[in-house]
Amino acid sequence: MNLETSGHAGNHVRTLLILGASGDLTGRLLLPGLARLIGSGRAPGIKLAGAGGPGYSQEQWQLRVNTICEEAKKNATPSGATELGLIADDTHFAELDVTKPGELANLVSRLDGPVAIYFALPPAVSQKACEVLEPGELPETTLLVMEKPFGSDQRSAQELNRTLIRLVPEENIHRVDHFLGKGTVFNILGLRFANRLLEPLFTAEHVEKIEIFYDEELALEERAGYYDKAGALRDMIQSHLLQILGLLTMNAPATLGERDVRDHLGSVLRATALAGTPENSTRRARYTAGTSLGRAVPDYASEKGVDATLQTETLAEVTLNINNSRWAGVPFILRAGKALGKARKEAIITFRPVSHLPTGFKGSDAPTTLRIGFGPDTLELDLDVNGPGDLYTLDAVTMVAELNSPDLLPYGEVLLGVISGDPTLSVRGDTAEECWRIVDPILAAWAKNAVPLDEYSAGSNGPTAWETSGAKKK
């Protein structure tokens with residue numbers, strides 16, 4: 001997005017400060033994403049600083065940054081390679097306790113501003129760090145970048161929003177969702193709103209159902225510290241998949257400016273609710289021992305760090321309705337899970353049957369479906385046509401296209417928005433609260449065991465009784 005038209009030209013970030021510099025998120029995702037971004041030449045002049053608790057040093061931080069920047073130089077532009085060298089030579093680490101009053105604000109005051117503070121920390125620590133900050137302690141140009149989950153329910157999200165808004169304006173708060181890279185978002189918006197063939201058909205009159213799947217082959221992968229307290233509903237559906245739902249169903253914004261896009265996204269999510277009761281509109285399950293990606297996977301309850309009494313789900317499915325004139329009566333099925341037999345990351349729009357099929361046609365009269373794949377971004381359109389040989393027999397064909405893929409890593413796309421001061425792809429405060437409103441009744445019912453915890457073997461497609469577990473891609 002052009003900074004001169006986005007309304008954030010004066011808020012260009014000079015220094016990125018990463019809190020949690022020694023953490024896994026920083027080393028595995030943040031720094032590689034930043035290095036690829038810098039190497040592309042799209043973040044000139046940015047400075048990098050890290051901060052963390054005791055037990056980590058300037059030397060360790062320098063080595064981590066140098067190693068990642070050297071790797072990124074292999075595919076960098078000449079100017080980007082120069083920038084990578086500069087950032088590696090001039091990065092600094094500070095030891096501090098972010099929950100101690102005054103320490104974080106003091107560090108920010110010593111950095112070249114505007115500063116973007118990236119909270120690569122556990123949610124509870126991030127919240128405490130913001131609570132000890134006082135209004136006016138941070139320069140008004142400071143950006144606060146918060147990882148998901150943003151709160152643990154609607155009430156905590158509201159409290160966190162109130163805390164943050166005391167410190168900086170809403171447009172300076174970036175609640176990041178790396179799942180929603182700029183390429184994915186604009187691929188969906190372009191597909192929907194730039195094609196006369198599709199835009200009028202995205203209504204209840206023509207669409208029978210929409211499904212959004214995010215089945216992963218990976219199991220817990222030693223992430224029990226976070227995942228066992230979150231589960232599939234909080235980890236994927238509450239944040240990522242509801243945002244995808246919003247993009248697929250929102251009305252066309254007047255412009256691609258952040259206000260227009262986020263206003264329309266918020267509007268459709270405010271109209272979204274559970275299709276029935278948690279008992280008849282949601283399902284949950286947990287994997288048992290099996291094989292995934294060629295490796296033996298233990299029963300989830302036996303995984304290191306798991307508290308079996310929490311009854312954490314590793315597979316969740318919810319059916320929602322959007323209560324407005326465009327989508328009334330259409331079921332929206334969202335499903336996400338781990339340790340499944342086949343990765344399936346796509347949205348499937350199933351269109352209603354034709355009103356009349358002329359008598360005489362034979363063969364399969366399959367519904368027309370549009371599939372949008374995520375990572376890599378693809379497009380598939382399933383149609384019925386006359387089969388070979390017998391012209392009276394219908395047969396299914398699939399038209400396939402690859403959508404444009406960004407050259408940046410997901411966190412690079414996130415950081416580009418942060419550094420340029422463009423919050424278009426960050427989750428606005430009211431939208432974050434709405435997503436929790438949608439899932440809070442489900443969480444309450446599950447906590448009371450009102451919905452049974454089904455089981456499935458690791459490496460399977462999920463519980464055999466679930467219709468979505470038997471869904472096959474044509």
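Biologist: Why is L357 called partly exposed?
Modeller: L357 has a relative accessible area of 34%. Buried means under 20%, exposed means over 50%, and partly exposed is in between (1.4 Å probe, protein chains only). So with 34%, L357 counts as partly exposed. By the way, this is a predicted model: local features need pLDDT of at least 70, side-chain atom pairs count only at pLDDT 80 or more, and totals for chains, interfaces and linings use all residues. Residues are numbered from 1 along each chain as its sequence is written, and side-chain values use heavy atoms, leaving out hydrogens and water.

Biologist: Okay, and what makes S126 buried?
Modeller: Its relative accessible area is 4%, so S126 falls under the 20% cut-off. S126 touches F119, L121 and M146, leaving aside residues up to four places away in sequence. Contact means heavy atoms within 4.5 Å.

Biologist: How do you know that the length of helix 8 agrees with what it should span?
Modeller: The expected span is 1.5 Å times one less than the number of residues. Helix 8 (residues 182-193) has 12 residues, so it should span 16 Å, and its end C-alpha atoms are 16 Å apart, which agrees.

Biologist: What covers the buried residues of helix 8?
Modeller: The cover includes helix 9 (224-249) and helix 12 (410-419). Among the buried residues are G183, V185 and L189.

Biologist: What is the mean pLDDT of the protein?
Modeller: The mean is 91, and 96% of residues reach 70 or more; pLDDT is the predictor's confidence in each residue, from 0 to 100. Over residues 1-11, though, the pLDDT is below 50.

Key. Helix = DSSP H or I, 4+ residues; strand = E, 2+ residues; numbered from the N terminus.
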